[in-house]
Amino acid sequence: MTALVPRRARRLASLAEALLTPHGMDRYLELVDPMLVRREIRGLVTGVRRQTPDTVTLTIRPSRAWRGHVAGQYVRVTVEIDGVRRTRCYSPAGSEHDGSLELTIKADPQGLVSRHLNRTVTIGSVLGLSTPDGEFTLPSPRPRRILLLSGGSGITPVLSMLRTLADEKYEGDLAFLHYSNGAEDALYRAELADLARRLPGLRVVHAFTHAKTGGDLHGFFSKEHLAEAAPWYPDAETFLCGPKPLMDSVREAFEADGLGAHLHTEEFTPPALTFDTENAEGQVRFARSGREFANSGKPLLEQAEEAGLSPEHGCRMGICFSCTQIKTSGCVRNAKTGETSSEENEEIQLCISVPVGDVEINA
């Protein structure tokens, strides 16, 4: 009991200090309990499980501002790492008819946030959440035939669709084709088997790209796999999410058969942006790597790659926040909005930030 007194005293002291500053109500409430915030969305981690060696599945109870998601959408997840807030996008895996939130994150060896979520987050951790976003969703009314196709951790948005269809007692033709290296990497295998028992019209097919045994199909994607999993696929709407090689192969097959309009993907198309490379001035310095070079007028991510650096990145269009780094000094222009910012020690997205004069990045 005595140990709680100093802790409560510190919390009350922080609250009293905060009341003297001009912040919104959420700033005060989160000092008492982050889950009390009214306008912003927080998520309390209530479950942690590891389906494979390099993934973690988090069950999350969102705060009162959460209004649910539509199957296939993504949310932005914010965590604090070494005093800096970092944000990345992940797709919920649960049904849109379920009030809870489930995320499965694969640890990228170069991914700061994904590694943090895998290694550090425990039951009781609180995460920052955004409202759901994205147009990779099932149409309404539902198509009479649906093929869900995924690879690796790309399973989450299409599994959300499948769970949603199960809750709706979908009666059409339905197939789920999932690619993984082998049985040890096959996410949600037990859940998929249970869904196949619940939905008479569902066929679940596991394709193992590296293992020679244990799966329903073996090797990489092919039209033969399509025909085996869903022989009626030319008449279906297909929803696809996975690594780029898989998505490229599926897209090529569908376009070759004139079925491109029936293929729906969770993929972002970068907007057409123009850059003034002729009048660019200043030097760009990546402090930790010691690289310094003349500003070319392109986004910082492109300049870093041209200089031989390999910053973490994802969508390359300012959505996923994977390329976020700290700008310690200088001015940058947001290539999407045109806005400029000269704040020091500011978190910026390399893919859409263009230097205006000298800029230093803590990377």
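Student: In this predicted model, which strands are included in what covers the buried residues of α3?
Tutor: Helix α3 spans residues 112–119, and its buried residues are Val113, Ser114, His116, Leu117 and Asn118. What covers these buried residues includes β2 (55–62), β3 (75–81), β4 (84–90), β5 (101–106) and β6 (126–129).

Student: How many helices and strands does the protein have, and what share of its residues is buried?
Tutor: The protein has 8 helices and 18 strands. Among contacts between residues at least 6 apart in sequence, 63% join residues at least 24 apart. Of the 363 residues in the protein, the buried share is 48%.

Student: Where do the buried residues of α7 fall when the helix is seen down its axis?
Tutor: Helix α7 runs over residues 244–256 and reaches 18 Å from its first C-alpha to its last, close to the 18 Å expected at 1.5 Å a residue. Its buried residues are Leu246, Met247, Val250, Arg251, Ala253 and Phe254, while Lys244, Pro245, Glu252, Glu255 and Ala256 are exposed on the other side. Seen down the axis of α7, the buried residues line one face of the helix, because they fall within an arc of 165°.

Student: Which elements do the buried residues of α7 pack against, and which residue just after the helix takes a positive phi?
Tutor: The buried residues of α7 pack against the helix α6 (223–229) and against the strands β7 (145–151), β8 (173–180), β11 (237–241) and β12 (263–265). Just after α7, a positive phi of about 70° is taken by glycine 258.

Student: Is threonine 238 of strand β11 buried or exposed?
Tutor: Threonine 238 lies in strand β11, and, not counting residues up to four places away in sequence, threonine 238 touches Leu147, Phe254, His262, Leu263 and His264. Residues under 20% relative accessible area count as buried. At 0% relative accessibility, threonine 238 is therefore buried.

Student: What is the relative accessible area of histidine 262?
Tutor: Histidine 262 sits in the loop between α7 and β12, where, leaving out residues up to four places away in sequence, histidine 262 touches Ala236, Glu237 and Thr238. The C-alpha atoms of histidine 262 and phenylalanine 239 are separated by 8.6 Å, although these residues are 23 apart along the chain. Histidine 262 is partly exposed, and its relative accessible area is 30%.

Student: How are α4 and α5 oriented to each other, and which residues make their contact?
Tutor: Helix α4 (residues 155–167) and helix α5 (residues 189–198) pack with their axes 11 Å apart and at an angle of about 30°. Angles under 35 degrees count as roughly parallel, and α4 and α5 are therefore roughly parallel to each other. Their crossing is left-handed. The residues in contact are Ile155, Leu159, Leu162, Arg163, Ala166 and Asp167 of α4, together with Glu191, Leu192, Leu195 and Arg198 of α5.

Student: Which residues is leucine 187 in contact with, leaving aside its neighbours within four places in sequence?
Tutor: Leucine 187 is found in the loop between β8 and α5, and leucine 187 is buried, with a relative accessible area of 2%. Leaving aside the neighbours within four places in sequence, leucine 187 is in contact with Gln51, Thr52, Thr55, Thr104, Gly152, Ser153, Ile155, His178 and Leu192.

Note on methods. Residues are numbered from 1 along each chain as its sequence is written. This is a predicted model: local features need pLDDT of at least 70, side-chain atom pairs count only at pLDDT 80 or more; totals for chains, interfaces and linings use all residues. Side-chain values use heavy atoms; hydrogens and water are left out. Helices (H or I, at least four residues) and strands (E, at least two) are DSSP runs, numbered from the N terminus. The expected span of a helix is 1.5 Å times one less than its number of residues. Buried means under 20% relative accessible area, exposed over 50%, partly exposed in between (1.4 Å probe, protein chains only). The arc is that of the directions from the helix axis to the C-beta atoms. Contact means heavy atoms within 4.5 Å. Axes are lines fitted to C-alpha atoms, for helices over the stretch in contact, and angles run from 0 to 180 degrees between N-to-C directions. Angles under 35 degrees count as roughly parallel, over 145 as roughly antiparallel, 65 to 115 as roughly perpendicular and the rest as oblique. A crossing is left-handed if the near helix is turned anticlockwise from the far one by less than a right angle, and right-handed if clockwise.
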